[in-house]
Amino acid sequence: MKLAITGKGGVGKTTLSAALAQLYARDGSRVIAVDADPDTNLAATLGFPDPDSITPVFEMGDLIAERTGAKPGAMGSYFTLNPKVDDIPDDFCPEHDGVRLLTIGGAAREGGSGCFCPESAFLRALMAHLLFGRDDVAILDMEAGVEHLTRGTAQGVDALIVAVEPGRRSIETARRIRGLAGDLGIGRVWAVASKTRGDEDREFVASELGDVELIASIPYSAEIVENGMRNAGVGELLDGPLREPMRDLRARLEGELR
Ligand SMILES: Nc1ncnc2c1ncn2[C@@H]1O[C@H](COP(=O)(O)OP(=O)(O)O)[C@@H](O)[C@H]1O
Ligand SMILES: [Mg+2]
């Protein structure tokens with residue numbers, strides 16, 4: 001199962017991504033979580049003990065140079081478009097509680113920008129490796145939108161999940177993303193509501209979403225807020241407020257993607 005999570009900033013994408021990754025890891029699936037948001041915080045949300053010590057892919061300049069045969073950032077020099085990447089997840093991505101983490105970093109973006117450079121060639125090869133082979137489960141925690149996804153990466157994703165909160169702006173973002181996703185060839189786009197405070201909020205979100213289907217809701221929880229303040233990692237929440245919402249979401253995903 002390869003899922004990409006997007007949505008407006010602050011709606012709960014990273015919380016949802018980390019919860020999904022840990023849920024599947026607990027069951028013994030091979031899971032890789034990809035932090036594709038330049039504002040990286042998936043490591044902390046997954047409970048990694050020393051998030052600041054993790055080197056993002058885009059800062060692995062020597063490795064990228066070695067694998068692509070080019071100097072990072074060098075314009076006009078020759079480099080290979082299919083560098084060796086199959087050892088990267090095991091050898092360069094740290095693991096915690098059964099979840100391997102790949103942090104991309106903010107220095108550059110894949111595709112969308114039209115960047116033709118060793119870094120993006122390396123990242124494209126790596127994403128293809130993660131999405132089309134290897135692990136059972138890959139979860140991509142993205143920034144808002146899908147513009148930074150290449151067609152290749154987009155087509156490796158089984159579904160795009162847009163996190164929304166009960167508010168018009170995040171819902172507008174979801175509808176805009178729905179349109180862009182179709183252009184990229186992503187067939188399935190679902191919404192997950194976050195921070196809902198009862199049926200009224202859920203109904204508001206469901207009706208405002210239009211043709212983006214709402215497949216689950218994660219209720220507002222003071223425990224989730226408090227967990228975020230401690231930077232504790234969402235693992236403990238899977239035995240608390242995230243237990244039922246994630247169980248329902250999982251059942252729904254598995255029903256739809258079967
Ligand atoms: N269901 C929820 N109830 C309460 N707070 C939440 C919930 N989901 C996320 N949060 C909090 O909202 C903030 C933003 O969440 P985060 O997952 O980092 O969003 P994003 O990745 O979309 O920017 C965090 O402080 C997080 O703890
Ligand atoms: Mg985030």
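Colleague: How do the residues of the shell around ligand 1 divide into nonpolar, polar and charged?
Modeller: This is a predicted model. In it, the shell around ligand 1 has nine polar residues, six nonpolar and two charged.

Colleague: Which residues are the closest to ligand 1?
Modeller: G12, K13, T14, T15 and G228. They belong to a set of 17 residues that surround the ligand.

Colleague: Switching topic. How many helices and strands does the chain have?
Modeller: There are 10 helices, plus eight strands.

Colleague: What about the core? Which residues have the most contacts inside the largest nonpolar one?
Modeller: A21, A33, V34, V162 and V192. That core holds 76 residues.

Colleague: What share of the chain is buried?
Modeller: Buried residues account for 47% of the 258.

Colleague: Of the contacts between residues at least 6 apart, what percentage join residues at least 24 apart?
Modeller: That comes to 75% in this chain.

Colleague: Last one, overall size. What does the C-alpha trace span?
Modeller: About 60 × 40 × 35 Å along its principal axes.

Colleague: And how does the radius of gyration compare with that of a compact globule?
Modeller: The two agree. A compact globule of 258 residues would come out near 18 Å, and the chain has 18 Å.

Methods. Residues are numbered from 1 along each chain as its sequence is written. Chains are lettered from A and ligands numbered from 1 in the order in which they are written. This is a predicted model: local features need pLDDT of at least 70, side-chain atom pairs count only at pLDDT 80 or more; totals for chains, interfaces and linings use all residues. Helices (H or I, at least four residues) and strands (E, at least two) are DSSP runs, numbered from the N terminus. The radius of gyration is taken over C-alpha atoms; the globule rule is 2.2 Å times the number of residues to the power 0.38. A residue is buried if 20 or more other C-beta atoms lie within 10 Å of its own, exposed if 12 or fewer, and partly exposed in between; C-beta atoms are placed from the backbone. Two residues are in contact if their C-beta atoms, placed from the backbone, lie within 7 Å. A nonpolar core is a set of buried Ala, Val, Leu, Ile, Met, Phe, Trp, Tyr and Cys residues joined through C-beta atoms within 7 Å. A residue is near a molecule or strand if its C-beta atom, placed from the backbone, lies within 6 Å of it. Ala, Val, Leu, Ile, Met, Phe, Trp, Tyr, Cys and Pro count as nonpolar, Asp, Glu, Lys and Arg as charged, and the others, Gly among them, as polar.
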